[in-house]
Amino acid sequence: MGLVNFLVYLAIMMGIYGILSLSLNLQYGFTGLANFGHVAFFCLGAYTSTRLVLVFKMPFIIGLLGAMVIAGLFGYVISIPTANLKEDYWAIATLAAAEVVRIFFLNEDWVVGGGPYQGGSFGIGGIPQPLRSLFSAYTYPFFYLAVVLVCLLATYVIINALTQSPFGRVIKSIRSGDNLPQALGKDVRAFRMKVMAIGGTFGGLAGCLWAHYHGFISPNQFLPLETFIVWAMVIVGGKANNKGAIVGAVVIMVFYNSTRFLKDYIPIEEVTLASLRMVVIGVLIVIAMIFMKEGLIKEKKTVY
Amino acid sequence: MENSVILKIEHIYKNFGGILALNGVSFSVEANSITGLIGPNGSGKSTLFNVISGFYRKDSGEIYFRGEKIEGLEPCNIAMLGIGRTFQISEAPEKTTVLENLLLAPKRQCGEGVFNVFLNPLRIRREHEQHLNNALGILELIQLTDLKNEYAENLSGGQKKLLSLGRILMSEPQLLLLDEPTAGVNPTLVKDLMVAIRNLRDQKGITILLVEHNMRVISEICERVIVLDFGQKIAEGTPEEIQSNEAVLEAYLSGSSKRGLFREDT
């Protein structure tokens with residue numbers, strides 16, 4: 001029973017991170033936008049949904065849609081000043097934007113209702129889980145897994161349709177520089193902004209699913225580190241391949257959680273173990289960079 | 001329409017930190033003509049192309065396209081007006097096939113809109129069929145049919161030139177700025193290319209302005225030739241007039257490049 005619970009938990013995490021990885025892949029893999037602040041969307045989605053459901057007592061579905069809208073809008077807004085930046089500057093700007101979002105929630109307790117020991121650095125607990133009363137404690141995770149998988153599938157279908165459309169062709173051409181698409185009359189800036197908004201929307205979806213699963217969120221869950229875990233998923237899975245993004249999320253999540261079993265075999269402290277998982281992710285990225293530059297699943301050639 | 005002016009350039013100046021790349025260039029291009037733009041290396045030809053297509057901002061001067069002033073527009077807006085251009089060094093986005101490159105180019109594709117992808121799938125399919133048909137025709141023209149599913153980055157330099165010509169044709173420009181379309185292209189193919197360029201004008205009514213170092217191409221397909229030197233127009237006329245123009249000979253012979261204008265090779 002313990003193992004089944006763990007596996008369901010792992011599958012839910014894979015699903016949520018799969019959504020994040022798909023949306024980052026749209027931005028980085030397909031469009032070449034080095035978004036180092038993807039966690040901002042995740043964070044905004046989590047807090048927006050918490051605000052709507054916990055404070056405003058709205059139904060879960062409103063929280064979910066609200067999370068997507070707010071995170072998508074944020075993606076659009078931060079790309080207004082940054083859309084003309086080159087890749088490395090873009091990375092710095094997005095990294096900073098994500099920290100701004102995190103620090104905002106760290107300081108503004110009122111966002112999640114306020115009250116003693118609530119909001120800000122205390123985080124906020126008691127986030128309601130959707131349809132919790134219809135299930136037992138044992139069956140609920142299975143239901144939630146189904147919700148996550150439906151969201152993951154929807155994300156995959158939508159992003160995949162986009163990347164295979166003429167829209168996808170334009171964003172792929174932006175990856176290698178602005179000149180050519182510009183000369184063909186493509187408004188590169190507008191396409192970048194759309195990609196940021198779409199990626200943000202799905203990042204927000206993942207954040208909402210995360211918040212309502214754990215029932216507790218706090219700003220220190222949304223450190224830049226989270227962004228890089230998602231990056232590892234895209235790099236290891238295979239950039240510009242939507243299946244690769246999901247495979248990457250599965251692989252990284254397996255390794256990320258594998259270290260917890262190490263303590264049964266190696267005498268090692270819990271604290272060290274927690275840091276060790278980051279080492280594992282780092283090693284995986286390096287291995288991918290050296291031996292599989294294109295990731296586990298390579299970018300597919302479009303043949304007509 | 002024989003004598004109507006499609007592109008008019010007046011007193012264009014462009015400065016790069018003290019180097020005057022364009023020093024008051026003025027000329028007009030007639031609609032439905034093939035005009036050559038020549039000049040020694042560094043005379044400002046590519047800079048002029050970049051100014052016309054909006055990639056560089058001019059310091060002063062005016063550009064009129066079909067009688068309308070082009071001012072402060074982004075390159076993509078200028079392309080949408082109907083001015084197509086190719087680059088001296090051909091660009092090909094990574095991991096896109098030759099055919100994808102061609103299908104990228106048509107303007108105002110329904111499927112470029114995010115919501116249309118989900119709301120208008122039938123129209124997108126219809127447009128796709130049509131573009132695919134055009135693309136296959138253009139592949140024949142540029143002789144890349146066999147390579148249609150090859151990644152564009154794997155093509156040779158000459159093939160990339162051909163691809164960039166094909167790609168810009170897919171976008172159906174009214175005025176086409178070609179930056180050295182035959183550089184690096186196999187000599188037998190150059191002949192076909194000249195025929196193709198002439199056909200573009202004769203059959204599709206596209207006005208062509210081309211930068212070219214190959215004088216045979218210039219004298220065979222251009223009706224008018226404009227010569228730049230040190231950012232200024234030094235001569236204009238038919239290819240025959242240009243070949244005997246004193247100022248032109250002077251520019252080529254005394255220029256730092258020292259290259260012959262009328263050699264028969266390449």
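Among contacts in chain A between residues at least 6 apart in sequence, what percentage join residues at least 24 apart?

Analyst: The model is predicted. In chain A, 78% of the contacts between residues at least 6 apart in sequence join residues at least 24 apart. The elements that take part in this chain are helices: chain A has 11 helices and zero strands. Read along the sequence, its pattern is α-α-α-α-α-α-α-α-α-α-α.

The overall dimensions come next. For 304 residues, a compact globule would have a radius of gyration near 19 Å, and chain A agrees with this because its own value is 19 Å. Along the principal axes, the C-alpha atoms of chain A fill a box of roughly 55 × 45 × 35 Å. Of the 304 residues in chain A, 48% are buried.

The largest nonpolar core has 155 residues, and A:Cys43, A:Leu205 and A:Met233 have the most contacts inside it. Helix H8(A) supplies the largest share of this core, namely 13 residues. A:Met233 shows how one such residue joins separate parts of the sequence. With residues up to four places away in sequence set aside, A:Met233 touches A:Tyr17 and A:Ser21, as well as A:Ala245, A:Gly248, A:Ala249 and A:Ile252.

Helix H11 of chain A, residues 270-291, presents another picture. Its 22 residues reach 31 Å from the first C-alpha to the last, close to the 32 Å expected at 1.5 Å a residue. H11(A) is hardly covered, for two of its 22 residues are buried.

Chain A also has a side that touches chain B. There, 29 residues of chain A are in contact with 29 residues of chain B. On the chain A side, the elements that give two or more residues are helix H5 (140-163), helix H6 (166-174), helix H7 (179-183) and helix H8 (188-214). H6(A) gives the most, with six residues. By residue type, this side of chain A divides into 13 nonpolar, eight polar and eight charged residues.

In the partner, chain B, strands are the next topic. Strands of a sheet pair through backbone hydrogen bonds, either parallel or antiparallel. An open sheet of four strands in chain B has the order S2-S1-S4-S5, with antiparallel pairing. S2 (19-30) and S5 (68-69) of chain B are the edge strands, each pairing on one side only. Strand S1 of chain B, residues 5-16, is joined to S2(B) by nine antiparallel bridges, and the bridge partner of B:Lys14 in S2(B) is B:Leu22. These two strands form a hairpin with two residues between them, and in its turn B:Gly17 has a positive phi of about 45°. S1(B) also runs antiparallel to S4(B), to which five bridges join it. Strand S4 of chain B, residues 60-65, in turn pairs with S5(B) in the antiparallel sense over two bridges.

Strand S9 of chain B, residues 224-229, has six of its six residues buried. In a regular strand the side chains alternate between the two faces of the sheet. Both faces of S9(B) are covered: B:Arg224, B:Ile226 and B:Leu228 are buried on one side, and B:Val225, B:Val227 and B:Asp229 on the other. S9(B) runs parallel to strand S3 of chain B, residues 34-38, through four bridges, and B:Leu37 stands opposite B:Ile226. S9(B) also pairs with strand S10 of chain B, residues 232-237, in the antiparallel sense over five bridges. There B:Leu228 has B:Lys233 as its bridge partner. Two residues lie between the strands of this hairpin, in which B:Phe230 takes a positive phi near 50°.

B:Ile218 is buried because 22 other C-beta atoms lie within 10 Å, where 20 or more are required. Beyond its neighbours within four places in sequence, B:Ile218 is in contact with B:Gly36, B:Ile38, B:Glu212, B:Val225 and B:Pro239. B:Pro239 is 21 residues from B:Ile218 in sequence, and their C-alpha atoms are 7.2 Å apart in space.

Conventions
Residues are numbered from 1 along each chain as its sequence is written. Chains are lettered from A and ligands numbered from 1 in the order in which they are written. This is a predicted model: local features need pLDDT of at least 70, side-chain atom pairs count only at pLDDT 80 or more; totals for chains, interfaces and linings use all residues. Two residues are in contact if their C-beta atoms, placed from the backbone, lie within 7 Å. Ala, Val, Leu, Ile, Met, Phe, Trp, Tyr, Cys and Pro count as nonpolar, Asp, Glu, Lys and Arg as charged, and the others, Gly among them, as polar. The radius of gyration is taken over C-alpha atoms; the globule rule is 2.2 Å times the number of residues to the power 0.38. A residue is buried if 20 or more other C-beta atoms lie within 10 Å of its own, exposed if 12 or fewer, and partly exposed in between; C-beta atoms are placed from the backbone. A nonpolar core is a set of buried Ala, Val, Leu, Ile, Met, Phe, Trp, Tyr and Cys residues joined through C-beta atoms within 7 Å. The expected span of a helix is 1.5 Å times one less than its number of residues. Two strands pair if DSSP finds at least two bridges between them.
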